[in-house]
Amino acid sequence: MSVAPAIRWAQSGLMSLTGPENGAPLVPAFDAMSGIHELMDELRSSAMAFGAQLDIDDSMLGGRAHLMKLRRGGVQSCNRSCRLLEARDGWLALNLPRSSDIEMLPACWH
């Protein structure tokens with residue numbers, strides 16, 4: 001029996017990290033876990049090419065955020081360094097994780 005994408009998303013721990021900051025968690029409108037599983041398969045294959053075994057379980061995906069007590073931020077990443085900005089032709093992500101990144105912004109405006 002196949003597990004529904006929403007259930008797999010919830011079991012991964014990622015559901016608690018997606019959605020509005022003060023609202024209910026969201027499930028992606030597409031089967032994101034299938035893409036994540038493809039990526040994990042590629043990582044396992046790459047590790048095997050170097051003689052290493054890589055064991056990744058879906059429940060590990062949200063684990064680091066849980067350990068760090070991170071929470072969903074709506075249009076901000078869980079650590080608040082990245083923001084989604086709506087542009088005329090779609091959305092873009094602006095990630096400024098270091099204070100030096102923010103200090104360099106004035107250079108962009110000259």
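The legends below describe close-up views of one predicted model.

Residues are numbered from 1 along each chain as its sequence is written, and side-chain values use heavy atoms, with hydrogens and water left out. Because the model is predicted, local features need a pLDDT of at least 70 and side-chain atom pairs count only at pLDDT 80 or more, whereas totals for chains, interfaces and linings use all residues.

**View 1. Confidence along the chain.** The pLDDT, which is the predictor's confidence in each residue on a scale from 0 to 100, averages 87 over the chain, and 95% of the residues score at least 70. Confidence is highest in helix α2, at a mean of 92, and lowest in helix α5 (residues 105–108), at a mean of 69. Helices (DSSP runs of H or I, at least four residues) and strands (DSSP runs of E, at least two residues) are numbered from the N terminus.

View 2. A nonpolar core is a set of buried Ala, Val, Leu, Ile, Met, Phe, Trp, Tyr and Cys residues joined through side-chain atoms within 4.5 Å; for accessibility, buried means under 20% relative accessible area, exposed means over 50%, and partly exposed lies in between (1.4 Å probe, protein chains only). The largest such core has eight residues, namely W9, L14, M15, L17, A32, M33, A65 and C78. When neighbours within four places in sequence are left aside, A65 is in contact with L17 and L70, a contact being heavy atoms within 4.5 Å.

**View 3. V27 and its surroundings.** V27 lies in the loop between α1 and α2 and, at 37% relative accessibility, counts as partly exposed. Residues up to four places away in sequence not being counted, V27 touches A6, W9 and M15. V27 and S16 are eleven residues apart in sequence, and their C-alpha atoms are 9.5 Å apart in space.

**View 4. The salt bridge between R8 and D31.** A search of the whole structure finds five salt bridges, each defined as a side-chain nitrogen of Lys or Arg within 4 Å of a carboxyl oxygen of Asp or Glu. In one of them the side chains of R8 and D31 meet, with an N to O distance of 3.0 Å. R8 lies in helix α1 (residues 5–11) and D31 in the loop between α1 and α2, so the pair ties together parts that are 23 residues apart in sequence. R8 counts as buried, at 18% relative accessibility, whereas D31 counts as partly exposed, at 30%.

View 5. Side chains of opposite charge can pair when their charged atoms come close. E21 forms a salt bridge with R71, in which the closest N and O atoms are 2.9 Å apart. Since E21 lies in the loop between α1 and α2 and R71 in the loop between α3 (63–67) and β1 (82–87), this pair ties together parts that are 50 residues apart in sequence. E21 also forms a salt bridge with R80, the closest N and O atoms being 3.3 Å apart. R80 lies in the loop between α3 and β1, so its pairing with E21 ties together parts that are 59 residues apart in sequence. Through these shared partners, salt bridges join E21, R71 and R80 into one network. E21 counts as partly exposed at 31% relative accessibility, R71 is partly exposed at 48%, and R80 counts as partly exposed at 24%.

**View 6. Positive phi angles at K69 and R80.** Phi of K69 is near 60°, a positive value in a residue other than glycine, and phi of R80 is near 70°, likewise positive in a residue other than glycine. K69 has its place in the loop between α3 and β1, and R80 has its place in the loop between α3 and β1 as well. K69 is exposed, with a relative accessible area of 73%, while R80 is partly exposed, with 24%.

**View 7. S99 in helix α4.** S99 lies in helix α4 (residues 99–103) and is exposed, with a relative accessible area of 53%. S99 and S81 are 18 residues apart in sequence, and the distance between them in space is 9.9 Å, C-alpha to C-alpha.
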